[in-house]
Amino acid sequence: MRLWRYILFLVFGSLYVYAAYAAHAGAQAAEWTLYRFEGRDYVSLDNLEAFYGFPIQVTPAGNRITVDSGKAQLELILNSREIVINGVTQWLAFPVHPQEGKILISRLDLAKTIEPLLRPWMIQQFQAVRNVVLDPGHGGYDKGALSSQGCEKDFALDVCRRARARLEAEGFRVFLTRDSDVFVPLEERPRAANRMPNSVFVSVHFNCSVENPSASGFEVFALTPRGAPSTTDDVLSLRDLRSEPGNVVDTQSMALAASVYHSMLGSIPEADRGIKRARFAVIRLATVPSILVEGGFLTNPSDSMLIANPEWREKLAAAIVTGLDGFKRLAENKEPPKLLADYRRELPSSVTLRDSGAVLTNAKAAPQVIIPRTIWMTQPFLSR
Ligand SMILES: [Zn+2]
């Protein structure tokens with residue numbers, strides 16, 4: 001029964017997508033050739049280069065391909081889910097797949113990650129941003145990650161209080177899911193945001209890695225799109241095909257993640273572990289743009305020293321607020337948020353970024369026969 005539902009989803013899901021493409025009228029008509037591989041649609045890199053105005057047919061350097069239009073940069077790694085977009089690491093749902101002289105990128109990654117980052121002003125159905133729900137992770141009996149200097153629940157609450165003061169000074173209405181050392185059930189946390197029109201939801205956490213104490217740096221999570229595995233999962237499971245409440249704002253959440261992440265990395269010299277995907281309850285159940293910020297590792301000696309420093313936490317709160325300001329201007333005025341390079345230009349030149357010590361799996365795709373077919377689309381990657 002489950003298998004049949006999966007097959008029906010693949011068949012009718014694809015038909016729906018083509019119908020939706022055809023229904024959109026837009027200025028930038030393009031011919032897109034879709035390639036079918038492992039039951040999914042892919043597009044080729046040269047197709048993508050033409051659509052976004054990148055130089056065409058760039059040759060790989062080793063397993064990396066870098067394309068630069070002067071306004072936007074992409075760095076792809078063959079057979080890897082890791083991609084660098086405008087100087088910042090992102091994690092795709094499926095590896096970039098070289099096949100028969102083509103370099104293929106999944107249509108889902110194009111729609112849910114690449115398009116909202118390269119053309120955030122094209123995202124549909126933005127609402128004004130007047131309210132911010134800040135969610136300090138953990139609380140009460142749930143201490144979260146620990147270092148010799150303190151615990152995650154206290155640092156997260158402190159950063160949220162600092163961000164609240166800054167946001168209120170700018171005229172935002174701010175709500176904290178907890179303002180004391182209590183545990184609030186996860187499913188209750190996004191409810192306040194869901195009830196509040198014109199709101200965004202930001203959960204604040206600090207990381208830990210017992211296996212790898214050298215792991216350090218920032219991460220931001222946005223909800224995994226329907227039909228994609230989360231960043232830590234190597235394979236697709238049936239659960240990944242379910243639609244979650246937060247999937248209605250997938251592309252807005254990705255734009256929010258990028259605006260906050262570029263600001264964090266641009267103002268604080270921490271390692272870039274990337275914008276990742278997960279189905280954490282707090283972002284899965286939020287029906288407004290939502291992200292989960294990981295502000296460094298309490299298990300890493302130098303990260304934990306920084307996190308214990310109130311001045312550094314103030315910087316982190318300020319960076320999150322700057323990212324939220326950028327998202328507000330995008331949502332309300334279609335103004336593209338500042339990128340890492342824009343922030344870097346304002347940083348002292350002596351500041352260098354740290355290595356994350358990140359060890360992440362890159363699911364490999366086995367070579368298979370692909371069947372190309374050509375279709376016409378106008379605005380092919382709009383969010384749904
Ligand atoms: Zn946490």
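Modeller: A residue counts as buried if 20 or more other C-beta atoms lie within 10 Å of its own, as exposed if 12 or fewer do, and as partly exposed in between. The model here is predicted.

Biologist: What makes His138 buried?

Modeller: His138 has 22 other C-beta atoms within 10 Å. The cut-off is 20 or more, so His138 is buried. His138 sits in the loop between strand E9 (131-136) and strand E10 (146-147).

Biologist: What is the phi of His138?

Modeller: Phi of His138 is near 60°, a positive value in a residue other than glycine. Most residues other than glycine have a negative phi.

Biologist: Why is Asn86 called partly exposed?

Modeller: There are 18 other C-beta atoms within 10 Å of Asn86. That count falls between the limits of 12 and 20, so Asn86 is partly exposed. Asn86 lies in the loop between strand E5 (82-85) and strand E6 (88-91). Its phi is also positive, near 50°.

Biologist: How do you know whether Val184 is buried or partly exposed?

Modeller: Val184 has 18 C-beta neighbours inside 10 Å. Buried would need 20 or more, so Val184 counts as partly exposed. Val184 is in the loop between strand E12 (173-176) and helix H5 (191-195).

Biologist: Which residues does Val184 touch, leaving out those up to four places away in sequence?

Modeller: Val184 touches Gly139, Thr177, Arg178 and Arg189. The C-alpha atoms of Val184 and Gly137 are 9.1 Å apart, although 47 residues separate the two along the chain.

Biologist: Turning to helices, what makes Ala111 buried?

Modeller: Ala111, in helix H3, has 20 other C-beta atoms within 10 Å. The definition asks for 20 or more, so Ala111 is buried. The C-alpha atom of Ala111 is 8.3 Å from that of Thr251, 140 residues away along the chain.

Biologist: Why is H3 called mostly covered?

Modeller: H3 is described that way because 12 of its 12 residues are buried, under the cut-off of 20 or more C-beta atoms. Charged side chains are on the list too, including Arg107, Asp109, Lys112 and Glu115. For the protein as a whole, buried residues make up 43% of 384.

Biologist: Which residues of H3 and H6 meet?

Modeller: Lys112, Thr113, Pro116 and Leu117 in H3 meet Asp250, Thr251, Met254, Ala255 and Ala258 in H6. By class, that contact has 5 nonpolar, 2 polar and 2 charged residues.

Biologist: Why are H4 and H9 called oblique?

Modeller: The axes of H4 (residues 152-169) and H9 (residues 310-333) come within 8 Å and cross at roughly 50°. That angle lies between the limits of 35 and 65 degrees, so H4 and H9 are oblique to each other. The residues making the contact include Phe155, Val159 and Ala163 of H4, and Leu316, Ile320 and Leu324 of H9. They divide into 10 nonpolar, no polar and 5 charged.

Biologist: How do you know whether H6 is oblique or antiparallel to H9?

Modeller: The axes of H6 and H9 come within 8 Å and cross at roughly 140°. Roughly antiparallel requires an angle over 145, and roughly perpendicular ends at 115, so H6 is oblique to H9. Among the contact residues are Leu256, Val260 and Met264 of H6, with Ile320, Gly323 and Phe327 of H9. The contact of H6 with H9 divides into 9 nonpolar, 6 polar and 1 charged. H6 passes H9 in a right-handed crossing.

Biologist: What span does H9 reach, and what is expected?

Modeller: H9 has 24 residues and reaches 34 Å from its first C-alpha to its last, close to the 34 Å expected at 1.5 Å a residue. Just after H9, Lys334 takes a positive phi of about 60°.

Biologist: How many helices and strands does the protein have?

Modeller: There are 10 helices and 17 strands. Of the contacts between residues at least 6 apart in sequence, 75% join residues at least 24 apart.

Terms used: Residues numbered from 1 in each chain as written. Predicted model: local features only at pLDDT ≥ 70, side-chain atom pairs only at ≥ 80, totals over all residues. Axes fitted to C-alpha atoms, helices over the stretch in contact; angles between N-to-C directions. Helix = DSSP H or I, 4+ residues; strand = E, 2+ residues; numbered from the N terminus. Contact = placed C-beta atoms within 7 Å. Expected span 1.5 Å × (residues − 1). Left-handed = near helix turned anticlockwise from the far one by under 90°.
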